[in-house]
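Reader: Hi, I'm new to this one. Could you walk me through it?
Author: Happy to, let's take a look together.

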Amino acid sequence: MYSRVITGAISGIESMLAAVEVDASRGMPGFEMVGQLSGEVREAKERVRVALKNASIEIPPMRLTVSISPAEVKKEGASYDLPIAIGILVSLGLIPAEGIQDTLIVGELGLDGEVRAVRGVLPIVRKAEQEHIRRCVVPSANVREGAVIDHVEIIGVSSLAETIEYLQEVEERKPQKIAPASRTLTGDFDEPAADLDFCEINGQESVKRAVEVAAAGFHHILMIGPPGSGKTMIAKRIPTILPDLSREESLEVSTIYSVAGQLDGGKALITRRPFLDPHHTISEQALAGGGRIPRPGVISLAHRGVLFMDELPEFRHNAIEILRQPLEDKRIHIARTYGNFVYPADFMLVAAMNPCPCGYFPDRNRCACTETEVRKYLSRISGPILDRIDVVTEAPRVDIRQLSADMRNECSADIRRRVAGARERQRARYMGTGYRFNAELRPGDIREYCRLGTREQHMMEEIFTMMNLSARAYHKIIKVARTIADLDGKDDIGTEQISEAVCYRINDKGYWN
């Protein structure tokens, strides 16, 4: 007898529907599996055989053939265990074919029949909704993330026996057996808000202003200064001035974490912008993603959020250079034997560094580094990487009077309101264009959305010649000036906004020249 069970598959970050086809026929007893399967998928037949035995189900001596389609896609992971087991039972007539009609099944099986959590349930359920699948049977540990998607019944099962009993039940009595999970029951869970605020930082007003500009336009920023000047403190508070993710962005980010296996059962949906701060010893593969079974890396996990790289020159050279493509294209390409994968990587880079190995250059009263050592240290940040950073600001040593003073600093909520106002102006300006922030503008559209008056154009021409700018740096100054104008509530870019934007390029010229 033939049966067909709908299941889901993950390829890179994309999800698709797959079909587990099972044929049980007379002949030499055997259990064959085909469909371009990885080792862990081929091992499913042993897990399924033992799980069925421990569920008191004996497979008769028959020839079982299992095919997982589409055949041209490499199958990875253990999520096919449960649909294979159900397909066998349907072929043997132990589960009616009507029981699996319009139903997607996914889950890993333990030898004792336990249904265990799998990666990628959220994108698989989203794909099921798009294909008008009515019901999804998923592991109980994944039921929260599945229930985030509307218009699909999410049935959480914890064992093979429970799954069989549910599918054997007539349609009218299924809700009494296992009630579908709902968003009102599961809720949207997220990390608790960090107890951080900009009001805790005394001084460094110029750095806080630069961070505000970067946050408003989603610009990349580099902070340079001696140890203890507050660079890391400021960076860790940037998420407190960023607006929460929209519903669509939240689903997008949660999908990445689901595929990476980092969306645990207590967190149905990520609503706060991610903040990733990898250690400088991180490998290139962990940063970019990939592996034998490709998974998103730290760059993709920071999608729609902040990637903070503290002590930037201490990162491996190749790891820093990996940032070139994502900073420009907002995505990263991974080529592996199993295929090519594209992961989203639209993040805000926040980097911090010392100006020399000891950290005190150019203060020669404290810096003992030679000119060669300073040059070698700064050269770890290549020109192409530096050219892709919109805002470079200097974090000077904090004065003792500022540290000990009882100052009433501006809180994150006030800065966040200004950032939200600037982003609202950008949203209205770019409605229907595909752009969201000024930082995303392509060179061909800068003339239209960042118009300069005659005086401002002459000013930019002089700056271009005097500072020997690249075309990319020239455009970045204009885009940063556009963001400053949005923060100031201005419709047009003026000389004041250009002057401030240029200051964020002078800092890097001062060190690297």
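Reader: Thanks! Where does the model come from?
Author: It is a predicted model, in which local features need pLDDT of at least 70 and side-chain atom pairs count only at pLDDT 80 or more, while totals for chains, interfaces and linings use all residues. Residues are numbered from 1 along each chain as its sequence is written, and side-chain values use heavy atoms, without hydrogens and water.

Reader: How many helices and strands are there?
Author: There are 23 helices and 18 strands, taken as DSSP runs numbered from the N terminus (helices H or I, at least four residues; strands E, at least two).

Reader: And what share of the residues is buried?
Author: Of the 513 residues in the chain, 52% are buried, meaning under 20% relative accessible area with a 1.4 Å probe, protein chains only.

Reader: Let's pick a helix. Why is H9 called largely enclosed?
Author: Because 10 of its 13 residues are buried, H9 is largely enclosed by the rest of the structure. Among those buried residues are Val207, Lys208 and Glu212.

Reader: What comes just after H9?
Author: Phe218, which takes a positive phi of about 55°.

How values were computed
Buried < 20%, exposed > 50% of the residue type's maximum accessible area, 1.4 Å probe, protein only.
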